[in-house]
Amino acid sequence: MSTNNRPKHVFVSYIRTTPEQLWNAITKSEFTRRYFHATSIESDWKVGSPMRYTMGEAREVASEGKILESDRPRRLSMTWLFKYDPELAKEKPSRVTWEIEPNGEVCKLTVIHDDFDGETRTYKAVGAGWPAILSSLKTLLETGEPLPVARD
């Protein structure tokens, strides 16, 4: 499958915040724990460095990757591999790119999740997961509180 035909997800949000505050919300655990499934994020954000989201006191790795591009506060790209599910962990890493564009009092945030080997389980999982995460991020930055966690 050529790279042009590979599936990808593109999510766009407009958030009343500054580029620096949005960057911090993406890269600092005091924010991610509040909107990103209670995970902490770990990295030094240098190209080539590892990145991981961890869960709970035991710091179980939920997902991990490597920093591909880091241009604070405009663009951050990383590989992505789920680790919390053994089946998803067998898949080839995909890529997540965060693009931040200031526009007056708001920022346009574009999240591109791509580089999948077809419509994999990861592709399907992130397609369902990113909208809630990004909505909660927007709500957190605009109101000070994330969205309540939905309980099925």
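**View 1. Ile15 and the residues around it in strand β1.** Setting aside neighbours within four places in sequence, Ile15 is in contact with Leu22, Glu105, Val106, Cys107, Leu109, Lys138, Leu141 and Glu142, where contact means heavy atoms within 4.5 Å. Ile15 belongs to strand β1, which covers residues 9–15; helices (H or I, at least four residues) and strands (E, at least two) are DSSP runs, numbered from the N terminus. With a relative accessibility of 0%, Ile15 counts as buried, a term that stands for under 20% relative accessible area, with exposed for over 50% and partly exposed for values in between (1.4 Å probe, protein chains only). The C-alpha atoms of Ile15 and Glu42 are separated by 24 Å, the two residues being 27 positions apart along the chain.

The model shown in every view is predicted, and local features need pLDDT of at least 70, side-chain atom pairs count only at pLDDT 80 or more, and totals for chains, interfaces and linings use all residues. Residues are numbered from 1 along each chain as its sequence is written, and side-chain values use heavy atoms, with hydrogens and water left out.

**View 2. The whole chain, as context for the close-ups.** The protein has four helices and seven strands, and from the N terminus on these elements follow the order β-α-α-β-β-β-β-α-β-β-α. For 152 residues, a compact globule would have a radius of gyration near 15 Å, and the 15 Å of the protein agrees with this; the radius is taken over C-alpha atoms, and the globule rule is 2.2 Å times the number of residues to the power 0.38. Taken along the principal axes, the box filled by the C-alpha atoms is roughly 40 × 35 × 35 Å. Of the 152 residues, 45% count as buried, and among the contacts with a separation of 6 or more, 46% are accounted for by residues 24 or more positions apart. The protein exposes about 8,300 Å², of which carbon and sulfur atoms supply 49%, the areas coming from the Shrake-Rupley method with a 1.4 Å probe.

**View 3. The Trp80 and Trp130 ring pair.** A search of the whole structure finds 10 aromatic pairs. The rings of Trp80 and Trp130 have centres 5.8 Å apart and planes at 50°, so this pair is tilted. The pair links distant parts of the chain, since Trp80 sits in strand β5 (residues 75–82) and Trp130 in helix α4 (residues 121–143), 50 residues apart. Rings of Phe, Tyr and Trp (its six-membered ring) pair if their centres lie within 6.5 Å, and planes under 30 degrees apart count as stacked, over 60 as edge-to-face and the rest as tilted.

View 4. Phe36 lies in the loop between α2 and β2 and counts as buried at 5% relative accessibility. Leaving aside neighbours within four places in sequence, Phe36 is in contact with Tyr53, Trp80, Trp130 and Ile133. Although Phe36 and Leu137 are 101 residues apart in sequence, their C-alpha atoms are 7.8 Å apart in space.

**View 5. Thr32 in helix α2.** Thr32 is part of helix α2, residues 29–35, and is buried, with a relative accessible area of 0%. Not counting residues up to four places away in sequence, Thr32 touches Ala25, Ile26, Ala38, Thr39, Ser40, Ile41 and Tyr53.

View 6. A cis peptide bond, with omega about -10°, joins Arg72 and Pro73, and Pro73 lies in the loop between β4 (60–71) and β5. Trp45, although not a glycine, has a positive phi of about 65°; Trp45 lies in the loop between β2 (39–42) and β3 (50–55) and is buried, with a relative accessible area of 14%. Asp115, also a residue other than glycine, has a positive phi near 65° and is found in the loop between β7 (106–114) and α4, where Asp115 counts as partly exposed at 25% relative accessibility.
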